[in-house]
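Here are a few friendly notes to read alongside the model. Take them one at a time, and keep the 3D view open as you go.

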Amino acid sequence: MSQTLYSIRMRSARDGRHISGAERLVPAGELEGLAGFLVRRALQHPRGAAAEIQLTIEEIPPGRLNRGHLPDVHTLRVANFRQGRQAALVLLERAGVRMQAARQAIERLAAGAAPDGGCMRGAMLVDARDGHRMEPDPARGIRASHMDLDPAAEEELRRRLAPYALDNEHVRDALVLAAKVLATPGLVAELCWSDDPGYVTGYVATPRDGYLRISHLKPMGDELGGRAFFVRPGCCLDAVMEHLEKSVWIFDRVGRIHPPMDWQG
Ligand code: WAQ
Ligand code: MG
């Protein structure tokens, strides 16, 4: 892909409350159609129609493009969100996050990690050893940005996800985001569950195990969700934030999609 790419990002809100965000990297010819699609997505969101919608479009200098691969996908079936959070704890600890730091992050997301008790617009940055939060703005958090799938990889991903009924926007977007997190030096794991009240599946992503879906990480109807990026202690915070928000990544290879299995806690 040698043509110039543009970053297009959408962010929507109502009364200052974050509703949704999305972003892609596309050639100029796709910007107009995609802008319409993203606006429609903001207006028809399950968390409510947006009152304010921001679109940002910027050209990407070709020299800034990095290429990478998506993680392998595993699906762990749990009986309920409590068991799911227990599973997340175990998986995070396995990735090098101290038990207490993992537990605290889960509790913060469950309680609403923003200062007003709602969802943050981005992610918490959490020290993997002592659990302290490092993002400069606890309402905004850190937003992973400037990443997308190569068109051929997107087609391949959709083909591989479809037999498991996983070919939806939540999964595709989250996989791309997790891939960028895993490509960020200094991050040891990510924890995520959605803020969409009807979407209860979340995940833990780690460099070694890949993208580990957990069938329930919150109760149905809950509007609180969020993300925690766990940082290796002593690592350079500025470089981590710069990489997550500014470096440009196209993922052109797809990982394996494993059949679901029951969590054996
Ligand atoms: N960077 C950092 N944090 C973000 C970003 C971003 N680009 N986008 C969203 N967040 C944070 C923010 O706090 C949201 O409230 C929270 O994550 C959830 O975002 O395999 O849909 O877009 O079945 O609601 C995961 C499971 C779905 C997918 C996640 O997240 C699967 C999802 P949402
Ligand atoms: Mg959402």
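Which helices and strands each supply at least two residues of the lining of the largest pocket?

1. Please keep in mind that this is a predicted model. In it, the elements that each give at least two residues to the lining of the largest pocket are strand 2 (17-27), helix 1 (31-43), strand 7 (147-149), helix 5, strand 8, strand 9 (202-206), strand 10 and strand 11. Helix 5 contributes the most, with eight residues.

2. Now look at the pocket itself. The largest pocket holds about 1,200 Å³ of space. It is lined by 48 residues, and Gly21, Arg41, Asp173, Ala174 and Arg227 are the closest to its centre. Sorted by class, the lining has 21 nonpolar, 12 polar and 15 charged residues.

3. What takes up space in the largest pocket? The answer is ligand 1.

4. Histidine 170 has a polar side-chain atom 2.7 Å from an oxygen atom of ligand 1, and arginine 213 has a polar side-chain atom 2.8 Å from an oxygen atom of the ligand. The backbone takes part in this list as well: a polar backbone atom of alanine 123 lies 3.4 Å from a nitrogen atom of ligand 1.

5. Finally, how much of ligand 1 does the protein cover? On its own, ligand 1 has 700 Å² of accessible area, and the protein covers 92% of that.

Note on methods: Residues are numbered from 1 along each chain as its sequence is written. Chains are lettered from A and ligands numbered from 1 in the order in which they are written. This is a predicted model: local features need pLDDT of at least 70, side-chain atom pairs count only at pLDDT 80 or more; totals for chains, interfaces and linings use all residues. Side-chain values use heavy atoms; hydrogens and water are left out. A polar contact is a pair of N or O atoms within 3.5 Å; within protein, one must be able to donate a hydrogen and the other to accept it, and residues adjacent in sequence count only if both atoms are side-chain atoms. Accessible areas come from the Shrake-Rupley method with a 1.4 Å probe; for residues, only the protein chains shown count as cover. On a 1 Å grid over the protein atoms alone, a cavity is a set of points where a 1.4 Å probe fits but cannot get out, and a pocket is an open set with protein on both sides within 12 Å along at least five of seven lines; lining residues have an atom within 4 Å of a point. A molecule sits in a cavity or pocket if more than half of its atoms lie within 2 Å of its grid points. Grid points are joined across faces, edges and corners, and a volume is the space filled by probe spheres set on the points. Helices (H or I, at least four residues) and strands (E, at least two) are DSSP runs, numbered from the N terminus. Ala, Val, Leu, Ile, Met, Phe, Trp, Tyr, Cys and Pro count as nonpolar, Asp, Glu, Lys and Arg as charged, and the others, Gly among them, as polar.
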